[in-house]
Amino acid sequence: MAGIMDPLAVVRWRRGPRVPTLVTMQTSVIIIGAGFGGLATAHHLREAGVRDITVLEKADDIGGVWRDNTYPGAACDVPSSLYSWSFAPKHDWTHRYARQPEIHAYIREQAADSGLLDLVRTGTEVARATWDERARRWTVVLTTGEELTADVLVSAVGQLSRPAVPAIPGLLDFEGPAFHSAAWDHDVPLAGKRVGVIGTGASAIQFVPEIAPEAGHVTVFQRSAPYVVPKPDRTYAAWEKRLFVRRPRLHDVARRGVFHLSEQLNKTLDSDGRLVGVLHKAWQLHLRHQIKDPALRAKLVPNYPLGCKRLLFSNNWYPTLARPDVDVVTHGVTEVGPTGVRTDDGQLHDLDVIIFGTGFAATEFLAPMDIRGEGGRALTDAWDGGARAHLGITVPDFPSFFILYGPNTNLGGSSIIGMLEAQAGYIVDAVRETERRGAALAVRPDRAAAYDEEVQRRLGDSVWSSCTSWYREPSGRITTNWPGTVAEYQERTGRFDPSDFELVGATEATR
């Protein structure tokens, strides 16, 4: 991960940042996805000397989730001081928690200014990718039928790219507009409308307070109540932004403090939690202060331990639910009819618009792409029973294939960008080794199995194992989350060990 100079960059750089190589590598790389992870990987590979890099993006613009999620009130729930690349730190965020338009603008501006946009092909969707054992290269087939080849394939599609819409009977019979928050239909007027919101996750708690004052009535269908704590958000004053820009070290000091606090939040969600009591009390006081009606308050008490599902931050969620023109329905949705939603108590709730705040198919990694490794083995078969990857990055029998934001790399707290850049650095090290050995690399099955056993054992002791959530497979296996801190993950990915890999297609001279 050449060129990282951020003071947080990570424990791996305590031994000193690496100097970018001046040697041009001949290895060719295809990266699927032009969000934070894909563009960071392209940057670090380019800094390391790789010149043949192509980034494929199925949409017409870059930005990933920050391009797609344009719903009202969309914002980050990670402090903005942690939410920029280490190689392009942003010191002049307008809010302590950045809004979607500003984050997307940052990604676009930095990609344009650094020349990364020149590497991206937008409007280009991958249908399948196959390892060619004879050529020892990847063949990537686009939905148009066009074929591309590369020595190294990187998936950077992430965990939050495919909206999850529940298969509710009768949904197609609904006569009004219905859409997911990640595909917000801005052409649908909500003024005076009866709006039904299915889901109470991180997106819903942001957009419901925004649409409630405009809509005629909002009905929130809640399957399980979330833990919601105050969000310490505010607008940065002009003098603060000027100070941070002129004195970036002050911003770095603040960033370091926020990072360490966020690491404590990560620890809270494993067996070494230190802030659970504090957060639980903050939630109790927040709910009691903002919801005066005992009946409504009872509906908003979660029935699972704090942290088992995603902890949410909002100052206006509870007050919105207390509005006279907002109802919270806790009965399960059984079907959708032409005029509304029916719940399991038999009641039909008449609606004009339905909005799904039901999150993403996070455990369906890389779908719907068809990825096939050695012997034509499908990745879906390798992941039967739940996705797994060594360090969340590499899979046995899939040579020179790497994953960004892969299995067990999601966080309960802190910024995912620190994880993505650590993965990008690991991929750079792997490409260097590929170049040096003149062969493809495939992670050894025994090393991958030992790592997976460790991760699952640690996750079994975490709060995430105590309830059903989008973090888990139906079998109960947790496939999304990392059980440690960002610093630990950065340290482990910073020690690239060639002995973890088998050489594929090496000659005797290069073994």
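In strand β15, glycine 340 is the bridge partner of glycine 337. Strands here are DSSP runs of E of at least two residues, helices are runs of H or I of at least four residues, and both are numbered from the N terminus. The structure is a predicted model, in which local features need pLDDT of at least 70, side-chain atom pairs count only at pLDDT 80 or more, and totals for chains, interfaces and linings use all residues. Residues are numbered from 1 along each chain as its sequence is written, and side-chain values use heavy atoms, with hydrogens and water left out.

β14 and β15 (residues 340-343) pair in the antiparallel sense over four bridges. Two strands count as paired if DSSP finds at least two bridges between them.

Threonine 343 lies in strand β15. Its relative accessible area is 2%, so threonine 343 is buried. Buried means under 20% relative accessible area, exposed means over 50%, and partly exposed lies in between (1.4 Å probe, protein chains only). Leaving out residues up to four places away in sequence, threonine 343 touches Phe221, Val329, His331, Gly332, Val333, Thr334 and His349. Contact means heavy atoms within 4.5 Å.

Serine 155 counts as buried because its relative accessibility is 1%. With residues up to four places away in sequence again left out, serine 155 touches Ile32, Leu366, Met369, Phe401, Phe402, Ile403 and Leu404.

One disulfide is counted. The criterion is a pair of cysteine sulfur atoms within 2.5 Å. A disulfide is a covalent bond between the sulfur atoms of two cysteines. Here, cysteine 308 is joined to cysteine 467, with an S to S distance of 1.9 Å. The link is left-handed, with -115 degrees about the S-S bond. It connects distant parts of the chain, 159 residues apart. Cysteine 308 sits in the loop between α8 (294-299) and β12 (312-313), and cysteine 467 in the loop between α12 (445-460) and α13 (486-493). Both cysteine 308 and cysteine 467 are buried. Cysteine 76 also counts as buried, at 4% relative accessibility.

Backbone angles were examined next. Most residues other than glycine have a negative phi. Leucine 391 has a positive phi, near 60 degrees, and is not a glycine. Leucine 391 is placed in the loop between α10 (379-382) and β19 (401-403). Its relative accessible area is 5%, so leucine 391 is buried. Tyrosine 405, also not a glycine, has a positive phi of about 55 degrees. Tyrosine 405 is found in the loop between β19 and α11 (416-437). At a relative accessible area of 12%, tyrosine 405 is buried.

Leucine 82 occupies the loop between α2 (65-68) and α3 (100-114). Leucine 82 is buried because its relative accessible area is 3%. Between leucine 82 and glutamate 146, the separation is 64 residues in sequence and 39 Å in space, C-alpha to C-alpha.
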